[in-house]
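Q: I have a model open and want to learn how to read it. Can you take me through some features one at a time?

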Amino acid sequence: MAQNQQPIFQTKPPEQFVQIPINIERDSSTARMNHTGNSNQKPNHWPTITISIIFVIIGQSIAKLLENFYYDKINRSEYDENRQSDGVWTQSLLQTVGFPLLLIPFFIFITKNKRNHHQQPPITSDSIHLKSLAVIYICIGIVMSVQGRLSAMGKLEIPFGVFTLIYTTQLFFTPIFAAFINKIKFNRWVVISVILAIVTGALTLSASFGGEPDEAEENYAKGSWAALFAGICFSLLLCNIQNVFDNYIFKRTESTNKKPSFASVFEVIIFSSLVATIISVVGLLIAGEQHDLKREMNGFSKGKGSYVMAMVGQAVSWQIYWVGIVGLVYSVSSVLSNVISVITWPIVSVLVVIFFNFMDDEFDAFKGVALVTAVLSAVAYFIRLHKENRMAN
């Protein structure tokens, strides 16, 4: 990165040479105007974006397929009204409980970063900074657990198509929160990308879900509010994660003249997921869902082994998903992260058609158009990133 930028900044004093790119990345007024913060200045920018997108697609697809498999094989259609919301804390827990798996790559990145900067002074953050960061991780963890529970509950209360339409409103809230919390301003390519992503999410209304309620179980008031607030929570989650990067982690690395490390992505996920996991476990115990887990395992139509594999697979897949989502916030912004998350939905809906035989679920025009708009949404955003690359060079 330094070799590409040296001709531009060679008249600057040497002590400013490393600091300028970091300021451009996230904190300068120019970065705010360009929305993505000239994130192309980041080390290995495009490889990071590409890998993060792959993680989002793989993680979300596998997690959703296993979730459908779980609901399909526990014969939920036979449940009575009093047990309709069984398992919502369990599903929330599965989204975060796998975070210990990230400790290994986290320590690998930390060790590598220390080795590359062994001549640099160690990071010295004052107690106020650490306390603020701890409070923020607790808040993010609370939002993660609430969002997981609300989305799980909403899908069990209303038809999945209605849930999808309402849940898509997250793409309205994320730009609004990003403008206020992250001081982001937008350009036409980003606006086009968001609009196309909204269309993509709306067109996924024809998708099916294994835990969808029948007419007697539907509760539109409860399910609609749950879906709406789940979308709001997800938007707040992404914007607050970007706030952590902007105002804490990147400034912490800047103070020691170090480049931001991808280890910070694992740091955010691990500490936030720890809080979310504790909350979900407490909620699960209070609701008595631990007894439901034993009953479900014994009655799982594919056997106990398949039940355990489905649950473990979801936990692992969600961690892959979170690495991709937070990685996109780290490398670009909360807005792109949300866009990629939503435009993955048509892929999941097509995979559900392929792997399951749900009634009236087929590859229709809605799914086909949704795939097209998903591609166009991604292309629009990447046009903007490409333009920023050209401007930086």
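This is a predicted model: local features need pLDDT of at least 70, side-chain atom pairs count only at pLDDT 80 or more; totals for chains, interfaces and linings use all residues.

Q: Let us begin with charges. How many salt bridges does a search of the whole structure find?

A: Side chains of opposite charge can pair when their charged atoms come close. Here the search finds five salt bridges.

Q: Which side chain does E67 meet in a salt bridge?

A: The partner of E67 is K155, at 2.9 Å from N to O. Now look at where the two sit. E67 belongs to helix α4 and K155 to helix α7 (residues 127-157), so this pair ties together parts 88 residues apart in sequence.

Q: Are E67 and K155 buried or exposed?

A: Both are buried.

Q: What about E157 and K222, which parts does that pair tie together?

A: Their side chains form a salt bridge at 3.6 Å, N to O. E157 is in helix α7 and K222 in helix α11 (residues 220-254), so the bridge links parts 65 residues apart in sequence. Check the cover on each partner. E157 counts as buried, at 3% relative accessibility. K222 is partly exposed, with a relative accessible area of 38%.

Q: Which residues do salt bridges that share partners join into one network?

A: K64, E67 and K155.

Q: D72 and K73 also meet in a salt bridge. How do I read their exposure?

A: Use the cut-off: buried means under 20% relative accessible area. K73 has 19% relative accessibility, so K73 counts as buried. D72 has a relative accessible area of 28% and is partly exposed. Their bridge spans 3.5 Å, N to O.

Q: Now a helix. Which residues of α13 are buried?

A: In α13 (residues 289-299) they are E289, D292 and E296. They cover an arc of only 45° around the axis, which puts them on the same side of α13.

Q: Which exposed residues does the face turned away from that buried side carry?

A: H291 and K294.

Q: And what covers the buried residues of α13?

A: The cover includes α4 (45-73), α5 (88-94), α12 (263-287) and α14 (304-331).

Q: Last, the surface. Which residues form a nonpolar patch there?

A: The patch is made of I51, I54, F55, I58 and I62. Together they have about 390 Å² of accessible area. Take F55 as an example. F55 sits in helix α4. With a relative accessible area of 31%, F55 is partly exposed.

Terms used. Residues are numbered from 1 along each chain as its sequence is written. Side-chain values use heavy atoms; hydrogens and water are left out. Buried means under 20% relative accessible area, exposed over 50%, partly exposed in between (1.4 Å probe, protein chains only). Helices (H or I, at least four residues) and strands (E, at least two) are DSSP runs, numbered from the N terminus. The arc is that of the directions from the helix axis to the C-beta atoms. Contact means heavy atoms within 4.5 Å. Patches are made of residues with over 30% relative accessible area and no salt bridge: like charges are joined within 9 Å, nonpolar side chains (Val, Leu, Ile, Met, Phe, Trp, Tyr) within 5 Å. Accessible areas come from the Shrake-Rupley method with a 1.4 Å probe; for residues, only the protein chains shown count as cover. A salt bridge is a side-chain nitrogen of Lys or Arg within 4 Å of a carboxyl oxygen of Asp or Glu.
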